[in-house]
Amino acid sequence: MFFLVIYLFFTVFFNFWISASVENGRYYIPFVQNYLNFPSTLRSVLLNTSAFIIRLFGYKTMVDEYTLGIVGGSSARMVYTCIGYGYVSFLLALVLPYKTKLRKKTFLIVVGLLLIFIVNVLRISGLVIMSTEGKVSLFRYIDHHTVLDLILYPLLILLFMVILKPFKK
């Protein structure tokens with residue numbers, strides 16, 4: 001029960017915050033957009049880190065507020081649902097109600113957030129490179145968000161089980 005309540009709370013919170021931080025959002029608050037716009041900052045960090053990874057493979061990249069592309073190649077537009085707040089909500093809902101030391105919870109949350117970030121960066125950079133190289137035929141049949149779900153949710157559960165050992169007596 002606590003899992004569902006916490007998951008819904010953070011999902012609603014993130015959706016509200018996104019809506020409060022964009023001019024055409026339902027709950028737009030200029031102060032939030034100007035000073036507390038962490039979704040936009042996170043998107044920028046994800047796009048620029050993905051661009052760095054792509055440049056390691058010898059491509060020239062271009063990045064703007066929503067898009068990452070390879071010069072002369074493909075690009076990807078990152079909307080708010082691609083940021084990963086659903087995975088963050090899941091992680092927090094999994095960890096926060098569990099009875100253990102605060103230090104362990106904090107460690108798990110930090111490692112989980114890093115895992116979400118790294119896998120998301122690899123997904124973004126991989127999609128742009130594969131699209132540029134013409135190797136995205138798989139994603140005509142399977143949505144890359146579904147693939148990410150099939151990778152991240154089990155990894156987060158495994159991380160939870162390894163660090164917190166919920167079934168150990």
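Q: Is Phe14 buried or exposed in this predicted model?
A: In this predicted model, the relative accessibility of Phe14 comes to 10%. The cut-off for a buried residue is under 20% relative accessible area. Because its value is 10%, Phe14 counts as buried.

Q: What kind of aromatic pair do the rings of Phe14 and Phe38 form?
A: The structure holds 17 aromatic pairs. In the pair of Phe14 and Phe38, the ring centres are 6.0 Å apart and the planes stand at 70°. Planes over 60 degrees apart count as edge-to-face, and therefore the pair of Phe14 and Phe38, at 70°, is edge-to-face.

Q: How many residues apart in sequence are the parts that the pair of Phe14 and Phe38 ties together?
A: Phe14 belongs to helix H1, whereas Phe38 belongs to helix H3, which covers residues 38-56.

Q: Which class of accessibility does Phe38 fall into?
A: The relative accessible area of Phe38 is 35%. Buried requires under 20% and exposed requires over 50%, with partly exposed in between. Because 35% lies between these cut-offs, Phe38 is partly exposed.

Q: What is the geometry of the aromatic pair that Phe14 forms with Tyr85?
A: The rings of Phe14 and Tyr85 are 5.9 Å apart, centre to centre, with 50° between their planes. This pair links distant parts of the chain, with Phe14 in helix H1 and Tyr85 in helix H4 (residues 85-95), 71 residues apart. Planes under 30 degrees apart count as stacked and those over 60 as edge-to-face, so the pair of Phe14 and Tyr85, at 50°, is tilted.

Q: Is Tyr85 buried or exposed?
A: Tyr85 is one of the residues that ring pairs link into a cluster, which also includes Phe14, Phe38 and Trp17. Its relative accessible area is 16%, and the cut-off for buried is under 20%. Tyr85 is therefore buried.

Q: Where does Asn24 lie, and is it buried or exposed?
A: Asn24 is placed in the loop that runs between helix H1 (2-21) and helix H2 (30-35). From Asp149, which is 125 residues away in sequence, Asn24 is separated by 29 Å in space, C-alpha to C-alpha. Because its relative accessibility is 72%, Asn24 counts as exposed.

Q: Over the faces of which rings does Arg43 lie?
A: For one ring, that of Tyr80, Arg43 lies over the face at 4.8 Å from the ring centre. For another, the distance from Arg43 to the ring centre is 3.9 Å. The rings are those of Tyr80 and Tyr66.

Q: In which sense does strand E2 pair with E1 and with strand E3?
A: A hairpin through 3 residues joins E1 to E2, and 3 bridges connect these strands, with Gly69 in E2 as the partner of Met62. On to strand E3 (residues 75-77), E2 again has 3 bridges, and there the partner of Gly69 is Ser75. The sense is antiparallel for E1 and E2, and for E2 and E3 it is likewise antiparallel.

Q: Which residue takes a positive phi in the hairpin of E2 and E3?
A: The hairpin of E2 and E3 has 4 residues between the strands. The positive phi, near 80°, is taken by Gly72.

Key. Residues are numbered from 1 along each chain as its sequence is written. This is a predicted model: local features need pLDDT of at least 70, side-chain atom pairs count only at pLDDT 80 or more; totals for chains, interfaces and linings use all residues. Side-chain values use heavy atoms; hydrogens and water are left out. Helices (H or I, at least four residues) and strands (E, at least two) are DSSP runs, numbered from the N terminus. Buried means under 20% relative accessible area, exposed over 50%, partly exposed in between (1.4 Å probe, protein chains only). Rings of Phe, Tyr and Trp (its six-membered ring) pair if their centres lie within 6.5 Å; planes under 30 degrees apart count as stacked, over 60 as edge-to-face and the rest as tilted. A charge sits over a ring if NZ of Lys or CZ of Arg is within 6 Å of the ring centre and within 35 degrees of the ring normal. Two strands pair if DSSP finds at least two bridges between them.
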